[in-house]
Amino acid sequence: GSAQESYDQILKTLQKENFSSKAMKESGLFVETAKGYIDRFRNRIIFPIHNHTGKVTAFAGRAINPDDKAKYMNSPETPIYIKSKLLYGLWKTKQNIVHEKSVIIVEGYMDFLKLYQAGINNVVAISGTSFTEGHAAQIKRLCNKAYLLYDGDDAGKKAAIRAGYISLKFGIAPKIVEIPDG
């Protein structure tokens, strides 16, 4: 989906639907400013983030304008969205992971979507956080082998190594896929 460049489109829509102020504040869809609340996601391509059962619990937005300072923006953690416990796409790919007896772990939404569209369906993304013990525990329930397909830059290599150590701690055999830089 997409979010318009409006500061209050979502706010006005939810106010018409009589959502409580508390629910709206806890939703992560708004940012508090000196002038009041404004929509968090503006002028962005929107990715819904589903929990393991397929329910939407958060959103991510990729800037449409290349000059935007923040390329990606994620929902903040909320009572129903805890980044360290959620793997992007897992709700859609968990059966394939079990069938393949392995998972490919990538860093972002677009990485996930490109692989999934290409027919590689045993994939998940960590999306906006580092690989955690909570992620490893979820993967361990499905398989014992993980391919860490992170970016080829120094930060990606370091993150893959760290994820490998966490995987080992949970009895998951990690394999780091080396991507050429660039």
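The second largest pocket has a volume of about 260 Å³. Its lining consists of 15 residues, and those closest to the centre are His52, Lys85, Leu86, Leu90 and Gln138. Sorted by class, the lining of this second largest pocket comprises eight nonpolar, four polar and three charged residues. The model is a predicted one, and the values given here are computed from it.

The largest pocket comes to about 360 Å³ in volume. Lining this pocket are 17 residues, of which Tyr72, Glu107, Gly108, Tyr109 and Asp111 are the closest to its centre. Two elements give two or more residues to the lining of the largest pocket: β6, residues 72–74, and α4, residues 109–117. Of the elements, α4 gives the most, with four residues. The class division for the largest pocket is five nonpolar, six polar and six charged residues.

How many cavities of 30 Å³ or more does a search of the whole structure find? The search finds one. The largest cavity holds about 50 Å³ of space. Its lining is made up of Ile49, Tyr81, Lys83, Leu86, Tyr88, Tyr109, Ala125, Ile126, Ser127 and Thr129. Seven of these lining residues are nonpolar, two are polar and one is charged.

The next topic is the backbone. Asn43 has a positive phi of about 55°, although it is not a glycine. This residue sits in the loop that runs between β3 (36–39) and β4 (44–50). Lys101 is also not a glycine, and its phi is positive at about 60°. The loop that holds Lys101 lies between α3 (90–100) and β7 (103–106). Is Lys101 buried or exposed? Lys101 counts as exposed because its relative accessible area is 60%, and the cut-off for exposed is over 50%.

Glu100 belongs to helix α3. With a relative accessible area of 46%, Glu100 is partly exposed. Glu100 and Leu142 are 42 residues apart in sequence, and their C-alpha atoms are 9.8 Å apart in space.

The last element to follow is helix α6, which spans residues 154–169 and has 16 residues. From its first C-alpha to its last, α6 reaches 23 Å, close to the 22 Å expected at 1.5 Å a residue. Which residues of α6 are buried? They are Gly156, Ala160, Ala163, Gly164, Ile166 and Ser167. Just after α6, Gly171 takes a positive phi of about 75°.

How values were computed
Residues are numbered from 1 along each chain as its sequence is written. This is a predicted model: local features need pLDDT of at least 70, side-chain atom pairs count only at pLDDT 80 or more; totals for chains, interfaces and linings use all residues. Side-chain values use heavy atoms; hydrogens and water are left out. On a 1 Å grid over the protein atoms alone, a cavity is a set of points where a 1.4 Å probe fits but cannot get out, and a pocket is an open set with protein on both sides within 12 Å along at least five of seven lines; lining residues have an atom within 4 Å of a point. Grid points are joined across faces, edges and corners, and a volume is the space filled by probe spheres set on the points. Ala, Val, Leu, Ile, Met, Phe, Trp, Tyr, Cys and Pro count as nonpolar, Asp, Glu, Lys and Arg as charged, and the others, Gly among them, as polar. Buried means under 20% relative accessible area, exposed over 50%, partly exposed in between (1.4 Å probe, protein chains only). The expected span of a helix is 1.5 Å times one less than its number of residues.
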